[in-house]
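Here is a short briefing on one structure. Keep the sequence and the 3D view open while you read.

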Amino acid sequence: MPDLTLLPAGAAGTAIETKRLSYAEAVNHALRRALRERPETLLFGEDVAKPGGVFGVTKGLHREFGDRVFDTPISESAILGGAVGAAMFGRRPIAEIMWIDFSLVALDQLVNQAPNVRYVSRGAVTAPITVRTQAGNGPGACAQHSQNLEAFFAHVPGLRVGMPSTAQDAYDMLLSAVWCDDPVVVIENRTLYHGAKSDVRLGGEVGPIGGARVRRGGSDVTVVTWGAVQNLVLDAAEELAAEGVEAEVLDLRWLNPLDLTAVQEAVARTRRLAVVHEAHTFGGFGAEVVSLVAESGLDLLAPPVRIGAAPARIPSAVSLVPGVLPTRAKIADGLRRLVRGETVRDAGVLR
Amino acid sequence: MRSDTPTLLGHFERMLLIRGVEDEIARLRTAGDMVGSIHLCSGQEAVYVGAVAALDLSRDAVFPTYRGHGWALACGVPPEALFAEILGRVTGINGGRGGSAYFTAPRYGMYGENSIVGAGAPIAAGAALAAAFDGSGRVAVAAFGDGALNQGAVHEAMNFAAVRGLPVVFVVENNAYSELTPIADMTRNPELFRRASAYGMPGGRVDGNDPDAVARAMETCVRRARGGGGPALLECVTQRIVGHYIGDAQRYRPAGDLDRAVAAEPIGRLAERLTAEGVAAGELDAIRSRVADRVRAASRLALDSPPADPATALEHLYA
Ligand SMILES: Cc1ncc(C[n+]2csc(CCOP(=O)(O)OP(=O)(O)O)c2C)c(N)n1
Ligand SMILES: [Mg+2]
């Protein structure tokens with residue numbers, strides 16, 4: 001007889017417990033739970049079933065759930081379009097696009113198709129799909145395996161977009177995405193998959209999508225960030241703390257829905273704003289955050305700063321990458337100058 | 001018709017060079033000198049050496065995939081420039097911008113690897129489209145794997161080339177796997193060359209572990225395309241004798257599969273054939289040691305050259 005106090009109300013048998021998990025294991029737990037508790041879910045993509053995923057994230061799920069977890073041909077349009085169609089007819093597909101760069105060969109399904117289903121039918125038909133993908137640079141990766149395209153998706157009304165950066169968020173946000181009745185793109189990061197394990201609370205109530213989180217308190221400057229680059233931001237914040245500057249780090253987590261209140265409250269406290277993302281600065285989502293803060297009329301002590309990738313394709317050589325992508329040193333330097341009131345215009349932005 | 005012994009000895013040496021370079025890359029990657037995902041082509045050398053033997057690299061254009069080291073070497077890219085590229089050195093073929101999976105060597109007729117499955121096929125059709133207007137007589141080669149045949153871009157490229165009668169040869173490197181998934185889980189008809197007829201172009205299958213057979217089949221396709229006969233699809237049946245990437249434990253391969261692939265690999269097979277044709281063991285050994293020396297020297301040269309300079313990372317984005 002299981003201990004009934006471990007079963008949360010309403011959840012079909014997923015015990016509340018805390019486990020030490022890697023980010024990849026946390027995703028695996030979320031997928032297993034979704035497949036168990038929501039019989040209408042399907043999980044498919046390239047190499048996800050029998051091989052258990054090229055990063056091992058979907059290991060064991062095909063064995064447990066059989067045909068609801070399957071391998072597809074290398075056909076991203078069929079994967080995403082198939083997800084849209086199945087969702088219109090009552091399934092709740094979780095589709096994997098192995099690298100966000102590959103979503104581009106099937107962007108039509110995510111831009112012209114999925115978000116229109118509910119809108120045009122005025123809710124008569126919906127397409128609750130979850131697209132799991134992963135983005136960002138890793139050592140040696142080429143220009144077609146390194147991009148951060150969250151702004152593409154965030155620009156499309158009707159698509160929800162989240163970027164988990166901790167193991168707990170990898171679990172929570174994926175479940176929120178699957179439970180959500182909108183098309184949701186969850187952008188993971190492969191450099192986080194097999195990092196250090198952390199305590200992950202499993203089995204709790206699945207929350208709605210949305211909500212930013214303060215990762216570090218500080219009164220001198222607010223850094224709004226998301227995704228894996230956040231770890232560089234936290235390191236840079238520690239560097240500054242040693243110099244007597246306290247940075248508050250706000251993890252946006254979801255770009256859509258955007259927790260503007262959390263951003264406004266944080267910036268109102270510190271009156272200085274920096275946005276850091278790994279994606280290109282020009283036309284990036286940081287521009288949206290800065291604009292929204294500007295429109296809020298908050299009285300800032302200094303002009304806001306954006307720190308992101310300089311305009312270039314992403315080179316493969318490890319020595320070239322710091323010439324393009326944000327580094328801990330560039331972030332620390334940008335924050336330092338912001339606090340000192342120096343102009344920090346990133347020369348790379350407008351090149 | 002069978003090729004003469006000197007031609008076969010040339011194939012032998014070029015295949016050995018590719019194998020030697022890949023083995024050295026595996027060593028450098030395992031030692032940590034190289035980083036990231038690297039896809040070796042060991043076992044598939046006959047496809048590259050055979051296909052390139054049928055080309056005129058002064059005007060033809062090859063568009064391979066991320067598994068492109070063999071194509072590059074067959075096209076004549078110096079091994080030191082390839083090593084340096086993957087090591088991220090200034091002397092790399094693209095100064096470290098491309099890396100293992102996305103370098104380009106246009107000087108050698110090798111117009112770029114592609115790390116987006118299937119994306120090279122329409123571009124190859126475009127190179128052939130240009131040929132229809134520039135009088136060059138160029139033939140474009142789109143090379144891709146068995147799995148890429150399930151990508152929409154490849155079908156669009158084949159139909160586009162067929163309807164315009166473009167001089168493209170679609171070379172399918174059928175190694176029976178797409179990453180970690182076997183071909184049986186990907187398509188119902190394992191005879192991939194049959195897809196050609198759906199687009200009204202000729203298609204054929206060849207033993208992709210026999211460089212001579214590949215070269216002769218390729219010559220037919222190239223001659224036809226150059227003469228205005230339009231595109232063709234050539235399926236080369238082969239196997240990789242290594243993982244999809246360095247570090248791939250290949251647990252998805254059934255028992256005996258890898259052993260069979262190793263037994264059928266093209267270099268040992270060609271050595272046997274050459275021996276049967278009367279080439280002395282000493283002559284083959286001399287080639288082996290010449291290639292080994294070349295690989296060793298090239299690797300050392302690349303390792304000795306400086307890393308690419310981050311201050312140059314923003315150059316060459318716009319005209
Ligand atoms: C559009 C796209 N989808 C998926 C991938 C990931 N991927 C890289 S290689 C590969 C397998 C390709 O198999 P195949 O075409 O048979 O070529 P092989 O690797 O066997 O040479 C996949 C799925 C990719 N690079 N691009
Ligand atoms: Mg293959």
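Start with A:Pro257, which sits in the loop between strand E12 (254–256) and helix H9 (260–270) of chain A. The peptide bond leading from A:Asn256 to A:Pro257 is cis, with omega near 0°. Bear in mind that this is a predicted model.

**Ligand 1**

- Ligand 1 lies between chains A and B.
- The ligand is surrounded by 20 residues. The closest are A:Glu76 from chain A and B:Tyr66, B:Arg67, B:Ser115 and B:Gly147 from chain B.
- B:Ser115 places a backbone N or O atom 2.8 Å from a nitrogen atom of ligand 1.
- B:Ala148 also uses its backbone: an N or O atom there lies 2.9 Å from an oxygen atom of ligand 1.
- B:Asp146 uses its side chain instead. One of its polar side-chain atoms lies 3.0 Å from an oxygen atom of the ligand.

**Helices H1 and H6 of chain A**

- H1 covers residues 23–37, and H6 covers residues 167–179. Their axes come within 8 Å and cross at roughly 30°.
- Angles under 35 degrees count as roughly parallel, so H1(A) is roughly parallel to H6(A).
- The crossing of H1(A) and H6(A) is right-handed.
- On the H1(A) side, the residues in contact include A:Tyr23, A:Val27, A:Leu31 and A:Glu37. On the H6(A) side, they include A:Ala167, A:Tyr171, A:Leu174 and A:Trp179.
- Which classes of residue make up the contact of H1(A) with H6(A)? It has 13 nonpolar, one polar and two charged residues.

**Helices H3 and H4 of chain A**

- H3 covers residues 76–88, and H4 covers residues 107–120. They pack at an angle of about 5°, with their axes 10 Å apart.
- That angle makes H3(A) roughly parallel to H4(A).
- H3(A) contributes A:Ser77, A:Leu80, A:Gly81, A:Val84 and A:Met88 to the contact. H4(A) contributes A:Gln109, A:Leu110, A:Ala114 and A:Val117.
- By class, the contact of H3(A) with H4(A) has six nonpolar, three polar and no charged residues.

**Positive phi values in chain B**

- B:Glu179 is not a glycine, yet its phi is positive, near 50°. B:Glu179 belongs to the loop between strand E4 (177–178) and strand E5 (181–182) of chain B.
- B:Gln250 is not a glycine either, and it has a positive phi of about 55°. Look for B:Gln250 in the loop between strand E7 (232–237) and helix H9 (257–263) of chain B.

How values were computed:
Residues numbered from 1 in each chain as written. Chains lettered and ligands numbered in written order. Predicted model: local features only at pLDDT ≥ 70, side-chain atom pairs only at ≥ 80, totals over all residues. Heavy atoms only, no water. Axes fitted to C-alpha atoms, helices over the stretch in contact; angles between N-to-C directions. Helix = DSSP H or I, 4+ residues; strand = E, 2+ residues; numbered from the N terminus. Parallel < 35°, antiparallel > 145°, perpendicular 65-115°, else oblique. Left-handed = near helix turned anticlockwise from the far one by under 90°. Contact = heavy atoms within 4.5 Å. Nonpolar A, V, L, I, M, F, W, Y, C, P; charged D, E, K, R; others polar. Near = heavy atom within 4 Å. Polar contact = N/O pair within 3.5 Å; in protein donor to acceptor, adjacent residues only side chain to side chain.
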